[in-house]
Amino acid sequence: MIGRLDLDARQQSVAARGWWRSHKWWLLRRTSQIAAMAVFMLGPWAGIWLVRGNFASSDVLGVLPLTDPYILLQSLAAGHGLALTALVGAGLIVALYLIAGGRAYCSWVCPVNVVTDSAHWLREKTGLTRDRKLDRRTRVVILAATLLAAFLTGRIAWEFVNPVSMMQRGLITGVGLGWGLVLAVFLLDLFVARRAWCSHLCPVGAFYGVVGRASLTRVAATRRAACTDCAACFNICPEPHVIAPALKGKGSPVIRSGDCLNCGACIDSCPVDVFRMTHRFAGVEEGAAPARRRAVTPRRAPAAGPAR
């Protein structure tokens, strides 16, 4: 019954707001992720070098250095020297995500997110219910372990197993062992636990979650009085625990948790437009009349649309 309510809520969203408005943020995210990977692949594939390097370290048109601050942190732990270009590049990335939201990297840039979202969609579509309980804090432990490994080995050990790097190398070289790791992440999310990699294990997400706590751009439940308790937002959110304080609390309607991906999935799924992509200082909108509520316990339900 609860699954039916969730499905009805999504259908109501499409019926009331149209297909585009009910899938807008999903389409924008997929476009962003494909474009991010494409600019790196244009060089190896077509000889058009807009960007040289990879997601860890690159330069744009030979003039703008970009460095993943998480990689820089590991480099420092490994005892490597600090180059000015690396420091500038990392500063630019941190500044970007202080505006856009730290874990926006996970939902708007990271190509592995497409893999894990696809696994989640297939999991829901086929009704797989096996879900081993994993602790979200595990990714923080893994983050600390990567820094310790860099310190002990003098190398950026994480890059040897980083699924993002493996995926990019696989696209350049073709079939390789890296694809096995990407497949392992897919199967992990499909058969072991819901959102196992991104929400529980990935140290990159843990790092950008720290940055995201101070970010300017936020999702907010600005029309929370209109909520009908359909639970569509809880069911679709990769980190559903971030929603309740903003939606059900009496304080700020802004989702302030660093775990939020700023993916916009809650905006797409809500049939009554409770959520907005806004800023950390947003307040509750006036004139949002309370709607009749239905007490529904949030649970997962089969997906009604494309992989998010």
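A pocket is an open set of points on a 1 Å grid over the protein atoms alone, with protein on both sides within 12 Å along at least five of seven lines; its lining residues have an atom within 4 Å of a point. The model is predicted: local features need pLDDT of at least 70, side-chain atom pairs count only at pLDDT 80 or more, and totals for chains, interfaces and linings use all residues. Residues are numbered from 1 along each chain as its sequence is written, and side-chain values use heavy atoms, without hydrogens and water.

**Exercise 1.** Describe the lining of the largest pocket.

Step 1. Find the elements, which are DSSP runs numbered from the N terminus (helices: H or I, at least four residues; strands: E, at least two). Two or more lining residues each come from α1 (2-46), β2, β3, α3 (84-100) and α4 (104-108). Helix α3 gives the largest share, five residues.

Step 2. Sort by type. The lining holds 18 nonpolar residues, four polar and one charged. Here Ala, Val, Leu, Ile, Met, Phe, Trp, Tyr, Cys and Pro count as nonpolar, Asp, Glu, Lys and Arg as charged, and the others, Gly among them, as polar.

**Exercise 2.** In which order do the three strands of the sheet stand?

Step 1. Strands pair if DSSP finds at least two bridges between them. β2 (residues 57-60) and β3 share four bridges, in the antiparallel sense.

Step 2. β1 (51-53) and β3 (64-67) each pair on one side only.

Step 3. Read the order: β1-β2-β3, an open antiparallel sheet.

Step 4. Locate one facing pair. Ser58 stands opposite Leu66 in β3.

How values were computed. 1 Å grid on protein atoms, 1.4 Å probe; cavity = no way out; pocket = protein on both sides within 12 Å on 5 of 7 lines; lining within 4 Å.
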